[in-house]
Amino acid sequence: MKRTTYLSLTLLALASVFTSCTNQGKKSNGALTSNAAERVYVPPGQYDEFYGFLSGGFSGQLGVYGIPSGRLLKVVPVFSQDPEKAYGYNEETKPMLNTTHGFIPWDDTHHPDVSQTNGVLDGRWIFMNANNTPRVARIDLTSFETAEIMEIPNSAGNHNSAFVTENTEYVVAGTRFSVPIPQRDMPIKDYKGNFKASLSFLSVDQDNGHMDLSFQIRLPGFNYDLAHPGRDKSHGWIFITTYNTEEAYTLQEVNSSQNDKDFIAAVNWKKAEEYIKAGKFTTEATEYAHNIYNEETHTATSTIKKEVRVLEASELPGLVYFLPTPKSPHGCDVDPTGEYIVGNGKLSADLTVHSFTKMLDAIENKKFDGEAYGIPILNFEDVLGGTVKQPGLGPLHTEFDDKGNAYTTFFISSEVVKWKVGTWEIIDRKPTYYSPGHLSIPGGNSQKPWGKYLLAMNKITKDRYLPTGPELTQSAQLYDITGDKMVLLSDFPTIGEPHYASMVPAELIQPKSRKIYNLEENEHAHATTKDSDVRIERNGKEVHVYMTMIRSHLNPDNIEGIKVGDKVYFHLTNLEQDFDVPHGFAVMGAENAELLVMPGQTETLVWYPKKVGVWPFYCSDFCSALHQEMSGYIRVSPE
Ligand code: CUK
Ligand code: CUA
């Protein structure tokens, strides 16, 4: 929800920031209890109770935090290069950022989602979307490394993505912008009826996590914002908010927000599977990259796939239904029982909640209120499950606890509102500082929430921290939600813009977290697993240096015979077999990054010597008392 184009929203948002800051002037810092500090304090040497995985927004990365402390534990590079770890710079990981648009070392990521088994978070993998150049990544939660990236074809603005079904059967990825499919040169004003959207279903191999683009559903040319797979009784369905059902080619409010109601699209993916089985798909030629990181060889490969199976929603009965939902809904959230689908209409005064049971009844009795491109529109009253009356301004996202309560963020009125599922009464409201987007409760989007903490991720920081020039870090706020009333516990800064977050009980991940890579199982093509194999090989202008690293030497540490104009590959193998002893490698004049090689791993840095001389290289990670001794010289002679 960055840079909204709705004028009124923008103005209201500005007004809200102004009010919030005025409130701040009254010296209310929001922390209301004296023992808030105790509840977020994790004593030295002790661990946090939860892992918090916060999307890095326009940093393209995934931030791993300890919850409740808010301590940053790691930044996992996903869609952007990271010189700290050489991700996207070393030869092994460069293929991860390959796309059919070329090498794309940046993206904007919004939604991490943890794998599930039987509707409960299982802590195996985390999936995350690239919004700008549509991709979905899988991060392995034993190594905390990006293990796979799949490009999504026929998509633009991969926003309602990446969301996981209850047994991780699929990761669902939907487009925000409709585009010509296939892409072609055509007038923008001919949008209506010609632009289309795709909803992609990526199947997941339960043994190794590998994704496959199983099929796409082709949808009318609206904008599709957010998705939530059905839970429990609505398992087999996925719900997606739409806006601009006017199909305006410019999203000025007057054009794209005229309709009193947009839709939540209810998509029956079990039905889609039947249609696929029955052969009711067309096979379209389209190219997309599929990049996999192999743990044995420590090397990624990128392949270009050539076709995708497509189901046409307007031609296949029972595949998609539209549920009218007031005023440009943004978030779409399903409660843990799967009965209620909350549509957060960002320009609406009330929160609309649809009933899954009523939806099925209406479908069975064919109570339709027209159609859009052959897709039945259900009658609003027939599917309405309840309304939360006037809860706040600018509702964006809702999560659930394990006691039948829902919590919704309000961007404009800058607050979190707690309400009761089923009675729709408002129980509590607490200000957030300022303008929250998503919120997260551990398991709060699944059948099994751990209703202890709520994290609000705020778009605007203003006066919460010491100023750091015109740009302030974005901010998360942690609330205790164990009581009737929410209690604000702490603020902590975040990297990039955290849109969504997944929080997972530590015990689901901690015991499986990988300690080292076994040197004997290192199948890297350029591994040097013993000192006797250390060597330098020349092949024309290409030089390969096979180097080992162990406390406290780099071997070889004197390299001669290199010439200006050569291309030098440093293949470094870390011979250590101890936890937490990486070695770094840096060489003077290197164009891009250093290496950070984990125990048992091999990494490759390419260096182009440009100047005659004797140049030092060294280990960049302080690894032992003799760390400074891990260095050497490379002699560069004239061409
Ligand atoms: S979006 Cu950012 S606040 Cu991309 Cu899930 Cu709603
Ligand atoms: Cu190895 Cu410092």
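User: What makes strand β1 and strand β2 a pair?

Analyst: Happy to go through it, bearing in mind that this is a predicted model. Two strands pair if DSSP finds at least two bridges between them. Strand β1 (residues 50–55) and strand β2 (residues 62–67) are joined over 6 bridges in the antiparallel sense, so they pair under that cut-off of at least two bridges. Within this pairing, Ser 55 stands opposite Leu 62 in β2.

User: Why are β3 and β35 said to stand at the edges?

Analyst: Start from the strand order, which is β3-β2-β1-β35 in an open sheet of 4 strands with antiparallel pairing. Both β3 (72–76) and β35 (501–505) have a single partner strand, so one side of each is left without a neighbour in the sheet. From one strand to the next, the twist averages 20°.

User: Which strands does β37 pair with, and how do you know?

Analyst: Let's count bridges again, with at least two as the cut-off for a pair. Strand β36 (residues 535–539) runs antiparallel to strand β37 (residues 542–550), with 5 bridges joining them. Strand β40 (residues 567–574) runs parallel to β37, joined by 8 bridges. Strand β38 (residues 553–555) is antiparallel to β37 over 3 bridges. Each of these counts meets the cut-off, so β37 pairs with β36, β40 and β38.

User: Which residues face each other in those pairings?

Analyst: Glu 537 has His 544 in β37 as its bridge partner. Met 547 stands opposite Leu 572 in β40, while Ile 550 is partnered by His 553 in β38.

User: What lies between the strands of the hairpins?

Analyst: The hairpin of β36 and β37 has 2 residues between the strands, and Gly 540 there takes a positive phi near 65°. The hairpin formed by β37 and β38 also has 2 residues between them.

User: How do you know that the chain agrees with a compact globule?

Analyst: For 639 residues, a compact globule would have a radius of gyration near 26 Å, and the chain has 26 Å, so the two agree. Along the principal axes, the C-alpha atoms fill a box of roughly 80 × 65 × 40 Å.

User: What makes a residue count as buried, and how many do?

Analyst: A residue is buried if 20 or more other C-beta atoms lie within 10 Å of its own. By that test, 52% of the 639 residues count as buried.

Key: Residues are numbered from 1 along each chain as its sequence is written. Chains are lettered from A and ligands numbered from 1 in the order in which they are written. This is a predicted model: local features need pLDDT of at least 70, side-chain atom pairs count only at pLDDT 80 or more; totals for chains, interfaces and linings use all residues. Axes are lines fitted to C-alpha atoms, for helices over the stretch in contact, and angles run from 0 to 180 degrees between N-to-C directions. The radius of gyration is taken over C-alpha atoms; the globule rule is 2.2 Å times the number of residues to the power 0.38. A residue is buried if 20 or more other C-beta atoms lie within 10 Å of its own, exposed if 12 or fewer, and partly exposed in between; C-beta atoms are placed from the backbone.
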